[in-house]
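Colleague: I am new to this structure and would like to learn how to read it. Please take me through some features, one at a time.

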Amino acid sequence: MPMKKGYKELLAEANARIQAITPQEALSLHGDPDVVFVDIRDPRELTRDGMIPGAFPATRGMLEFWVDPDSPYHKPVFASGKRFVFYCASGWRSALATDTVQSMGLENVCHLEGGFKGWKEAGLPVAMPPAAERKDR
């Protein structure tokens, strides 16, 4: 039975509603104290591949709960009023996540076009996750 709406349609709809920035644009924001890079990849991906230095790890499965201030799982970083740059491995999950948190009311959000792969291919800095978040240590 065919899907009512496939992932390609979901991505097209999300991308029409959100802002995507290139790795070069993201680099110009990196290090700005008013910008938070949010890595929504699985912790195993961070351990295996690294992450953008200083990014906040927020697995996709918990993101809505961490963003919502009424949730018992809320993370204060999402109430900081800062700008958020979401990213995943290739830009698909982060497009959907950015669309979702934007529809929830989180403002000043965008996502990294091409994801972490695009960041790395552009030769931009990569760091390993902090030891507390690494499962192999």
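This is a predicted model: local features need pLDDT of at least 70, side-chain atom pairs count only at pLDDT 80 or more; totals for chains, interfaces and linings use all residues.

Colleague: At what angle do helix H1 and helix H5 pack?

Modeller: Two packed helices are described by the angle between their axes and the distance between the axes. Here, H1 (residues 7–17) and H5 (residues 92–104) pack at about 55 degrees, and their axes lie 9 Å apart. That angle makes H1 oblique to H5. The crossing of H1 past H5 is left-handed.

Colleague: Which residues of H1 and H5 meet?

Modeller: From H1 come Tyr-7, Leu-10, Leu-11, Ala-14, Asn-15 and Arg-17. They meet Trp-92, Ala-95, Leu-96, Asp-99 and Gln-102 of H5. By kind, the residues of this contact are seven nonpolar, two polar and two charged.

Colleague: Now the strand. Which residues of S2 lie on one side and which on the other?

Modeller: In a regular strand the side chains alternate between the two faces of the sheet. In S2, Val-35, Phe-37 and Asp-39 are on one side, with Val-36 and Val-38 on the other, and both faces are covered. Five of the five residues of S2 (residues 35–39) are buried, so the strand is largely enclosed by the rest of the structure.

Colleague: How many bridges join S2 to strand S4?

Modeller: Five, and S2 and S4 (residues 83–87) run parallel. Within that pairing, Phe-37 stands opposite Val-85. S2 also pairs with strand S3 (residues 56–57) in the parallel sense, over two bridges. There, Val-38 has Phe-56 as its bridge partner.

Colleague: Is Val-38 buried or exposed?

Modeller: Val-38 has a relative accessible area of 0%, so it is buried. Leaving aside residues up to four places away in sequence, Val-38 touches Phe-56, Ala-58, Phe-78, Phe-84, Val-85, Phe-86 and Tyr-87. Val-38 and Phe-86 are 48 residues apart along the chain, yet their C-alpha atoms are separated by 4.7 Å.

Colleague: Where is the place of Ala-127?

Modeller: Ala-127 is in the segment after helix H6 (115–121). Its relative accessible area is 25%, so Ala-127 is partly exposed. With residues up to four places away in sequence not counted, Ala-127 touches Gly-50, Met-51 and Pro-53.

Colleague: What separates the C-alpha atoms of Ala-127 and Asp-34?

Modeller: A distance of 20 Å, and the two residues are 93 residues apart along the chain.

How values were computed: Residues are numbered from 1 along each chain as its sequence is written. Side-chain values use heavy atoms; hydrogens and water are left out. Axes are lines fitted to C-alpha atoms, for helices over the stretch in contact, and angles run from 0 to 180 degrees between N-to-C directions. Helices (H or I, at least four residues) and strands (E, at least two) are DSSP runs, numbered from the N terminus. Angles under 35 degrees count as roughly parallel, over 145 as roughly antiparallel, 65 to 115 as roughly perpendicular and the rest as oblique. A crossing is left-handed if the near helix is turned anticlockwise from the far one by less than a right angle, and right-handed if clockwise. Contact means heavy atoms within 4.5 Å. Ala, Val, Leu, Ile, Met, Phe, Trp, Tyr, Cys and Pro count as nonpolar, Asp, Glu, Lys and Arg as charged, and the others, Gly among them, as polar. Buried means under 20% relative accessible area, exposed over 50%, partly exposed in between (1.4 Å probe, protein chains only). Two strands pair if DSSP finds at least two bridges between them.
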